[in-house]
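Biologist: I should be grateful for a close look at one part of this protein, namely the open sheet and the nonpolar core. Please set out how these parts are described, and what else should be kept in mind when reading them.

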Amino acid sequence: MPSGVTMPVVLIGAAAVLIDSCGTGTAERGVGRNAPERVLRAVPGCEGCEAAWEREPATLGPRISLAREGEPGEPLILRGTVYRADGRTPAPGIVLYVHQTNAAGAYAGGSSESEWSRMHGRLRGWLKTGSDGRYEVRTIKPGQYPDRREPAHIHITVLDQGRDPYWIDDVVFAGKAGVDAAYRAERQNRGGPGIVTLARAADGTWIAKRDIILERQPD
Ligand SMILES: [Fe+2]
């Protein structure tokens, strides 16, 4: 996940919502005679992380499908459990924003809903961990960028209550192109290891497990 870039606020839709400095509150803002606009505050050092705020957590469940029927590619189920910082206590109610390339390695086919719906393409979505901390994403195996500069990967942004959203290590696939010693050495293990092993179910679907350990809440 690129970092260090502060983006301008994103104007979305017709409702007026201003995320407050803790990411926990909202405020209305009118814009004269025009319909008010929804404003998502950029997250310093976390380009695009504000996309995690694009859905109301109360509307989300623990399982989502990023890929619609007919999406080209090999079916993949990514699942895991989100734990608190102790690495043992399941964390319910955590929002994950997930986005990835299509099978051709492109962030393509996005909608005009927001800056990040355009930038992240059509394979994106939001979920909220269940009471057991578990989540599941049905998608397709992402393709590598055409320039091969990175392994094929899935981005996950975490939204924990009371703090700004933050990125964790991308999901990448052990044994695949680009997941070599140099790549492994550069990993931060943010959120726990993101290098997963693919297994194949009887119907041919790829299965990957990526548990996530939350960062400690600031004092
Ligand atoms: Fe990417």
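Modeller: A residue counts as buried if 20 or more other C-beta atoms lie within 10 Å of its own, as exposed if 12 or fewer do, and as partly exposed in between. E54 has 18 other C-beta atoms within 10 Å, and E54 is therefore partly exposed. This residue is found in the loop between strand 2 (38–40) and strand 3 (63–65). E54 and E113 are 59 residues apart in sequence, while their C-alpha atoms are 9.7 Å apart in space.

The average pLDDT of the protein is 85, and 82% of the residues score at least 70. Over residues 2–37, however, the pLDDT is below 50, although this stretch has 59 contacts in the model beyond near neighbours in sequence. Where pLDDT is low, the predicted coordinates should not be read in detail.

The open sheet has four strands in the order 6-5-8-9, with antiparallel pairing. Its edge strands are strand 6 (124–128) and strand 9 (166–167), each of which pairs on one side only. Strand 5 (residues 95–100) and strand 8 (residues 154–159) are joined in the antiparallel sense by six bridges. Within strand 8, H155 stands opposite H99.

The nonpolar core comes next. The largest such core has 41 residues, of which L96, Y97 and V158 touch the most other members. Among the elements that give two or more residues to this core are strand 5, strand 6, strand 8 and strand 9, and also strand 4, strand 7 (134–140), strand 10 (172–173) and strand 14 (212–213). Leaving aside neighbours within four places in sequence, L96 is in contact with L127, Y135, I156 and V158. In soluble globular proteins, nonpolar side chains tend to be buried together.

Strand 4, one of the contributors to the core, also has a pairing to describe. Strand 4 (residues 75–83) runs parallel to strand 13 (residues 206–209), and four bridges join the two. In this pairing, A208 of strand 13 is the bridge partner of L78. Strand 13 also pairs with strand 12 (residues 199–200), here in the antiparallel sense and over two bridges. I207 in strand 13 stands opposite A199. The hairpin of strand 12 and strand 13 has five residues between the strands, and in this hairpin G204 takes a positive phi near 95°.

Key:
Residues are numbered from 1 along each chain as its sequence is written. This is a predicted model: local features need pLDDT of at least 70, side-chain atom pairs count only at pLDDT 80 or more; totals for chains, interfaces and linings use all residues. Two strands pair if DSSP finds at least two bridges between them. pLDDT is the predictor's confidence in each residue, from 0 to 100. Two residues are in contact if their C-beta atoms, placed from the backbone, lie within 7 Å. A nonpolar core is a set of buried Ala, Val, Leu, Ile, Met, Phe, Trp, Tyr and Cys residues joined through C-beta atoms within 7 Å.
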